[in-house]
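Let us take the labels attached to this model and ask what stands behind each one.

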Amino acid sequence: MWRVTLRGMLAHKLRLALTGLAIVLGVTFVSGTLVLTDTLHSTFSTLFSNVYRNVDLEVRGAAAFSNQTGALAVREPFAQSLLATVREVPGVALAGGSVSGYAQYVDKQGHAISTGGAPTIGTTYPASQRLSWFHLVAGTAPRTATQVVMDQGTAQKFGFHVGSRVTILLPGAPRNFTISGIVKFGTANNLAGATIAAFSLPTAQSLFDKVGRLDTIDVLVARGSSLSSVERAIATELPKGVEVVTGQTVADENTSLMNQILGFLSTALLVFAFIALFVGAFTIFNTFSIIVSQRTRELALLRIVGASRRQVFAMVQLEAFLMGLVASLLGLGLGVLTAMGLSALLRAFGISLPPGSLVFSARTVVVSLLVGVGVTMISAVSPARHAVRIAPVRALASYSSAPATSRRRRVIVGAALGVGGLAVLVGGLARGTIALVGVGAVAIFVGVAMLAPFIARPMASVLGRPLAATLGASGVLGRENSMRSPRRTAQTASALMIGLALVAAFTVFGASISRSATGSIKDAIAADYVITGSVTGSPISGISNAAPGVISHIPGVDTVTRVDSGVFEFGHSVFNLAAIPRDSLSRTVTLRMQSGDAGSALGAGEVLISSTTATSKNLSVGDTMRVRFATTGWTSVRVGGVFKPNAILGSYVVSERFFAQHYAPGAQPVAILLRSTTGPTAAETSAITAALRPFANLKVQTRSQFIATQQAQVNQILGLVYALLGLAIIIALIGIVNTLLLSVFERTREIGLLRAVGMRRRQVRTMIRSEALILAVFGGVIGVILGTGLGVALSVSLSQQGITDVVVPYSNLVLFVVVAALLGLAASSWPARRAARLNVLDAIAVE
Amino acid sequence: MLSTQPSSRDVVHDLATSVAHAVDLVKTYGEGNAEVRALNGVTIAFERERFVAVMGPSGSGKSTLMHCMAGLDVPTSGHTYIGDLEIGEMDDTHLTQLRRDRIGFIFQSFNLIPTLTARENIELPVTLAGGKVDAEWLEFLAAQLSITDRLGHHPAEMSGGQQQRTACARALIRRPELIFADEPTGNLDSNSSTEMLNFLRRSVDEFHQSIVMVTHDVRAAAHADRVVFLADGELVGEILAPTVDDVLEQMKQLGH
């Protein structure tokens, strides 16, 4: 058994290599993702435990809202007087207070130093080295109000030294500092890509608007005292709203937050790995089907000389197992290399990882092998069952007719899968369960692939007609060949179909998001200029609260609207609200009201809610909401109006005055909107830009530029998705190459005969290319139609989440079919050359 | 020397000694107007340790008869037996066991697995059954068939005659009760044919094998102990201890 399988495999190395490639790529994706996320996970957990190694206990504000815990919880600062109290507690050896906030460096060229998503941290330099998580490598601690300590990562990358002058962007106006020292974090130059600016405590308190208050007190427990008894002793001294936890707890909280983020990353990547493997499964299924049909006589002969059905089944499965195993091992190796490459990429982005610490866990090996081998073997089950059904008599030359296949069962199963899949998909979309959507999509794809053979013949006939008309005999034969075995044509096209269906679905979805976003921005903003910070729309936007004042003096600027953002608790959940001055309404911000009057509601200190929120929370004008703010606690607020979805302001809108009442002073706006008397002019644009030059991180855009930027962001994400789906398309193309090679091999005699009766090599090539073209267009057309349907379904089902326009970008979709056709042609070049090279005599002599 | 259909008494008598027999075998293909009766009520027995040839013109049903009797095809009605086992009632597992343990096959072409060497091909029925190869017997067969120096070669490296002799060794390796040979000389030149037939003859005479051979080669049939003739799905005659001339004469009468 082993011998027959192994010899058969060794005799067809090329075929196996091509088929295995699909699995290699898929497993590379899986193992690369696992190694990368494991590595990042270990890096971060080491990092956080190092940071908190010197902190035995930490006193901090308790989570301000219910259901919020850990690193993401909103915490309020407390009175600095608590520091003296904590120091008095028996068993406390050392205690130091700290505040932190936004602080972003400006490089020597005047550009804000951005971190690519990691925070720009401003914090307090610890009072004692023994409490410190910094490792001072040069200079001294900051002592005066103009001194700062910088992280080594930033210092090295941007050429700062002890004694250098540096500008730092702050919640208030930017200020200049002198670097008094440079620090590392254990052995790392920076903290997972974040930049750090550490000030003396009084300086930090004044910079971050926390004079007389502290965010945390770090405590070192005296030798000989027990951690838990000191913790309890401190707890009894703390007022309400302040808590004490161990340093380990804080480290764990940070690690688990990081794990959550990494979990999203690995899930997203694994989804694409799964798509690649799914497409690969079709390729494997197809190859094994062809292999089995080509080996019909051999398998029948084995049956005649005594192989049982089980043995034949085992033989095909063994082949799948071995192929899957080898491919998975290769994929595993490549995955590790990929992860190394990605780590290097992260380092290039300035995220310092401890070198040589790639985490290669047993789980990665197990999962990769299981997935790779499993997918291969499952894909080969149906071909293996086909092999089992081969009657022993088929070994005899006299029996050459193919056995009839059950068309009816195929139609029933295919249709059931398609319809059932659609139901599951719609259900999943309605309930927002992504897993159900995935299962539904898989069922639809398999169902359509099962039904595809029935339309393959007529479609190949139609698609092939122009080829037959223009390419003469080669075109006619190519068309006939793709009609000859509709099942194989459909199976080969299926892989490409899935790839293109996904591309088309994301294109429709993306275009709908893009249009909805820009459409709603157009509807939401009346401003001529939009000023944004480092991170658009985020509470840590980095917009200085001094910036609005600077611009308002520019001649021609008519209205300056600062949009603030804050969090509050409502119905056991935490939401964001936006705050705008009442007089900005219709000047810079457009609120299209469904009910109520925005102006009078904001004037009366009421809240405006979006229509989607009104529906989901069952609220209407006149209702009262019980809400909680971190600083001021529980309060009641009346719903004063309902507005149509607004891309800038979100779900809840209050007035500037309301915001000032409930939030701590010194908040940083999330955006600044400007209205000028003349509309945007070049002169005005440069005047605004010049005025904002000290605020190095701010971006001034006209309304149309801002809309274009938002669109570009959607396109950027779409581009990333395309790149990830590209792998699936590549695998589908490998499938086409494979099928064509196999069918050229199968038709060796026939091609030899054609050559013998006078077909030229070029005509042979044209014939094979015609087949590939028909295959690719067939897969492309069905895929695009299917994908468009899926994309529309997805978009429609998310209309509540703000996808208001469903866009079908026809020209793009047609372009995909054209690209698929070209890729199909490219895939056929090797098989076509192989067919053309066949020696006429040899070809005829083959039995 | 033409005999009529055997009587049921003859069949009962044959049962005791036959290695395989069929009773009232009918096989039809297609339905309605397109129905073809390949076998139309054939009752026949093959004796132990005899070399029987089945002859007939194309379409006479001789291959169908063999396929049904070997359990490769399922008759429309009637009964087939190997020894005293009725194979019509067997499921695939038992049929497989039967083929593996009690029957050997030789075909006109495509006899060998191309990726295995000659030795591995010969051993195949044994390894498939999970048994141990009788090396002495294999060497003996190889020597008798003059393929000893070819055992390590792949089929593609052997002549047609060598391939067919390898298939012959494979059919004999498990010392089956019965060997079915379907046009074994159909693709061979006359020298190879003669060698092959002589060996089949010897395996009956010296190794006590039982052989049923389907052929339309008159010279091949003349090597048998008995030739049975089929025409239009019916048994139309037989000759014992045939000569080439006897067989030619009979074939002429069958409408050639």
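Q: What makes strand E1 and strand E2 of chain B a pair, and in which sense do they run?
A: The cut-off for pairing is at least two bridges. E1 (residues 18-29) and E2 (residues 36-47) of chain B are joined by 9 bridges. They therefore count as paired by that cut-off, and they run antiparallel. This is a predicted model.

Q: Which residue of E2(B) is the bridge partner of B:His21?
A: B:Ala45 is the partner.

Q: Where does a positive phi occur in the hairpin of E1(B) and E2(B)?
A: At B:Gly30, with phi near 75 degrees. The hairpin has 6 residues between the strands.

Q: How many bridges pair E1(B) with strand E4 of chain B?
A: There are 5 bridges between E1(B) and E4 (residues 77-82) of chain B, in the antiparallel sense. The cut-off is at least two, so this is a pair as well. Within it, B:Val23 stands opposite B:His79 in E4(B).

Q: What is the order of the open sheet of 4 strands in chain B?
A: The order is E2-E1-E4-E5, and the pairing is antiparallel.

Q: Which strands of that sheet are called edge strands?
A: E2 and strand E5 (85-86) of chain B. Each pairs on one side only.

Q: Which helix lies across E1, E2 and E4 of chain B?
A: Helix H2 (residues 62-69) of chain B does. It runs at about 120 degrees to E1(B).

Q: In what order do the strands of the 6-strand open sheet of chain B stand, and what is the pairing?
A: The order is E6-E7-E8-E3-E9-E10, and the pairing is mixed. Neighbouring strands of this sheet are turned by 20 degrees against each other on average, direction ignored.

Q: Why do strand E6 and strand E10 of chain B stand at the edges?
A: E6 (103-106) and E10 (234-240) of chain B each have a single partner strand, so one side of each lacks a neighbour in the sheet.

Q: How many bridges pair strand E9 of chain B with E10(B)?
A: E9 (residues 226-231) of chain B and E10(B) share 6 bridges in the antiparallel sense. B:Phe229 stands opposite B:Gly237 in E10(B).

Q: Which helix lies across E6 and strand E7 of chain B, and which lies across strand E3, E9 and E10?
A: Helix H6 (residues 160-172) of chain B lies across E6 and E7 (178-182), running at about 175 degrees to E6(B). Helix H9 (residues 244-253) of chain B lies across E3 (51-55), E9 and E10, running at about 160 degrees to E10(B).

Q: Why is chain B called as compact as a globular protein of its length?
A: Chain B has 9 helices and 10 strands. Its radius of gyration is 18 Å, and the globule rule gives 18 Å for 256 residues. The C-alpha atoms of chain B fill a box of roughly 50 × 40 × 40 Å along the principal axes.

Q: What is the mean pLDDT of chain B?
A: The mean is 85, and 93% of the residues of chain B reach 70 or more. Over residues 1-9 of chain B the pLDDT is below 50. That stretch has 8 contacts in the model beyond near neighbours in sequence.

Q: What does chain A average in pLDDT, and where does its pLDDT stay under 50?
A: Chain A averages 86, and 95% of its residues score at least 70. The pLDDT stays under 50 over residues 399-403 of chain A. The model has 2 contacts for them beyond four places in sequence.

Definitions and conventions
Residues numbered from 1 in each chain as written. Chains lettered and ligands numbered in written order. Predicted model: local features only at pLDDT ≥ 70, side-chain atom pairs only at ≥ 80, totals over all residues. pLDDT = per-residue confidence, 0-100. Contact = placed C-beta atoms within 7 Å. Helix = DSSP H or I, 4+ residues; strand = E, 2+ residues; numbered from the N terminus. Axes fitted to C-alpha atoms, helices over the stretch in contact; angles between N-to-C directions. Rg over C-alpha atoms; globule rule 2.2 N^0.38 Å.
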